[in-house]
Amino acid sequence: MEATGVYWEACALYCHGEGFAVSVVNPAQIKFFARTTLMRGKTDTLDADLIARFGAAVKPRVWNPPGKAFEELQLFSRQRDAYVAMLTEERNRLHALSHRVHCPPQVIRMTKAHIRFLEKRIEELEQGFKDHLDQSPEWKRSVELLTSMTGIGVVTAGVFLTETLAFSTMVDARQLIPLCGTGLAPAPHTSGTSVRRRSRISKVGNPRLRRAAYMASISGIRANPVLKAFYKRLREKGKPPKVALVAVARKLLTIAFALVQTQRPFDPNYVSVNPSAEVCV
């Protein structure tokens, strides 16, 4: 089935409970698969047939319920992000209102009251996330491992874990970037010897994970000696600031994966026995 909003969950849980093998896929995969078949119409019957043929041809991974703790932590994290976005909008609105020549004082008061309301809700959601961590030792341990690395706080650690199911769907670090779909991977555009367009950063994937990794990289190059040195080397080689930050974000995610998988806290002096390993810091 397609993962359309949250409306697939009840059906998936029911089918899983009845013993069926369930696969949940990104609707974009079905959409692009339909293009390969030159499908022109769209009806429930045609869609069902298309999804069935997609499953037979691609054989997507079997889905299993992630567990109550994961779902609750993810909801706390995502709801907080939604309120933060609204808070930014309200602060920008207040700034604009304060620069108007004529603005009713009541509008200013209501906007400020709404800002205080959102700030309070954000604090409650952050505390709720921490309280639920106390009830889930495994998740709490993973957060502690991630926050042992300077540049990653509890909020960022929560995003990393809840958007990747604690990196449990990845076999090794080499699969991290493409599997997470963070949009941090380069998207080359070449063909033969004549087409050599400039590579760009793909925007396909999880925007919350991409944003969290990028913002953490900004903090990391200021306070984390490993990331700071890595960023400096890239800049000295002539890499533009944003390109270097994207590379830092990739490295930060790779290290985060290693910390959770090995269950070891961050060690700034660690050196991998395999110099070519992506987790080498």
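A: Let's start with Glu163 and Arg208, whose side chains meet in a salt bridge, 2.3 Å from N to O. Here a salt bridge means a side-chain nitrogen of Lys or Arg within 4 Å of a carboxyl oxygen of Asp or Glu. This pair links distant parts of the chain, with Glu163 in helix α7 and Arg208 in helix α9, 45 residues apart. Helices are DSSP runs (H or I, at least four residues), numbered from the N terminus. Please bear in mind that this is a predicted model, where local features need pLDDT of at least 70 and side-chain atom pairs count only at pLDDT 80 or more, while totals for chains, interfaces and linings use all residues. Residues are numbered from 1 along each chain as its sequence is written, and side-chain values use heavy atoms, with hydrogens and water left out.

Are the two partners buried or exposed? Glu163 counts as buried because its relative accessibility is 14%, and Arg208 is buried as well, with a relative accessible area of 12%. The cut-offs are under 20% relative accessible area for buried, over 50% for exposed, and partly exposed in between (1.4 Å probe, protein chains only).

Arg208 has another partner: its side chain meets that of Asp81 in a salt bridge of 2.5 Å, N to O. Salt bridges that share partners join Arg78, Arg80, Asp81, Glu126, Glu163 and Arg208 into one network. The structure holds 12 salt bridges. For contrast, look at Asp47 and Lys42, whose closest N and O atoms are 2.6 Å apart in their salt bridge; Lys42 counts as exposed, at 67% relative accessibility.

Now for the nonpolar side. The largest nonpolar core has 37 residues, and Leu146, Met149, Phe160 and Leu161 have the most contacts inside it. Such a core is a set of buried Ala, Val, Leu, Ile, Met, Phe, Trp, Tyr and Cys residues joined through side-chain atoms within 4.5 Å. Among the elements that give two or more residues to this core are α4, α7 and α9, while its largest share, 11 residues, comes from α11.
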